[in-house]
Amino acid sequence: ICSSSFISNEWQIGFTSDLVSNLSIYARIDYRRFLSAHLQFLTGLCEHSIQSVNNSIDQFLSSLFVTAQLLPETDFHKRLDLLIEQITICQLKFEPISLYPAYLEVDLLPPVVADFNGDHRLDLAFARQVTQCMYVTLGNGNGTFSDELSLPVWGVTWLRFAAGDFNNDNQLDLTFNDYDGGQVAIMLGNGNGTFEAPVRFSTGHGSYPVDISVADFNSDNYLDIAVVNYGIDSVGILLGNGNGNFSAQTTFSTGRGSYPRSLAIADFNGDTYKDIAVANLNTRNIGVFLGHGDGTFETQKSSFNRDHFFPIRIAVGDFNEDTRSDVAVSYESESIVSVMFGYGNGTFGTQADSAIETAVITLSAAVSDFNCDGHLDIAIGQNK
């Protein structure tokens, strides 16, 4: 496919030239609504695949396996094993990036990483509480970023972001929480790294939303918003209408005085519906709301954590490779991260602890295979 005319500009223009500019007039099951986006995605995928193949060939040609010598069988296998090790094991190495201007590197809240301008390169969206501004900096594809775009969001505190297409125009939008204002907001993306002014939705007076995420909770193929309401001990769900609007919030209690701090979304009981896990700071437990697939949830199931540790941030992954979702938990001012292993029914049991450098406030946690050994790893963002 990647060497065919399907990904050429001429082919794409011929396919899409008769489409109207407002793709939303086409029905959601009409292929014309998503044709341009699919062709662009195919082009980007092919470019990435070709680059990966070329890099692998270059690596092979520069490896110990390519030699002018006629090797004995034992030496041949040794070099082959070394080559396989070179290819399959990542070098776990990270380098800092610089943002411009330099003051942006201070007081940053956890960013969202996504392609906001459709160039198949990852960009960053982040905020500073001091300036009450959101910033978008576009990636150049080589680890550097362009000058930031500043978007004022006055009167907002404690911003956390999530990205998704909330109005089904195939362009990424942003949502964020306003801690003091008791609301969440969405900013519709223009597809070039800029966004429309925020549209706000109430989470209630004194709700103090502290974390936010998005998923389709009612199986209508539209993204919904889940928010953690620290002030009223609840998780709030705002169901999306697919046009950038959301229903009034429905809340689900995390328990009186629980002070929930963060959430993670996964299928914790294997029924294919989205469930929500919550780190309850004051009651020192992990709560799970099992979803029914219609936007409603069962009463919280609680799995107790350490008696004197206060969970503040959670992330989800299958850390013991039993096909069940587990949770990684970091704590307020503690120097360990715990993994609680899931039973597959929304509860968790045995936990394993790992030490981190020092007792700090955890701002974020991420799960991925960072060293390419086939096992999930955990990265912690700290506020020292």
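## A buried aromatic pair

Phe126 has a relative accessibility of 2% and therefore counts as buried. The model is predicted. Tyr135 is likewise buried, at a relative accessible area of 3%. Burial here stands for a relative accessible area under 20%.

Across the whole structure, a search returns 11 aromatic pairs. One of them joins Phe126 and Tyr135, with 5.7 Å from centre to centre and 25 degrees between the planes, a stacked arrangement.

## Phe201 and Phe246

The ring centres of Phe201 and Phe246 are 5.5 Å apart, and because their planes stand at 75 degrees, the pair is edge-to-face. Phe201 belongs to strand 8 (residues 199–202), whereas Phe246 sits in the loop between strand 11 (234–238) and strand 12 (250–253), so this pair ties together parts 45 residues apart in sequence.

Both residues are buried: Phe201 has 13% relative accessibility, and Phe246 has 8%. Phe166 joins Phe201 and Phe246 in a cluster linked by ring pairs.

## The sheet that holds strand 8

The partner of strand 8 is strand 7 (residues 183–187), which runs antiparallel to strand 8 and is joined to it by four bridges. Within strand 8, Arg200 stands opposite Ala185.

How values were computed. Residues are numbered from 1 along each chain as its sequence is written. This is a predicted model: local features need pLDDT of at least 70, side-chain atom pairs count only at pLDDT 80 or more; totals for chains, interfaces and linings use all residues. Side-chain values use heavy atoms; hydrogens and water are left out. Rings of Phe, Tyr and Trp (its six-membered ring) pair if their centres lie within 6.5 Å; planes under 30 degrees apart count as stacked, over 60 as edge-to-face and the rest as tilted. Buried means under 20% relative accessible area, exposed over 50%, partly exposed in between (1.4 Å probe, protein chains only). Helices (H or I, at least four residues) and strands (E, at least two) are DSSP runs, numbered from the N terminus. Two strands pair if DSSP finds at least two bridges between them.
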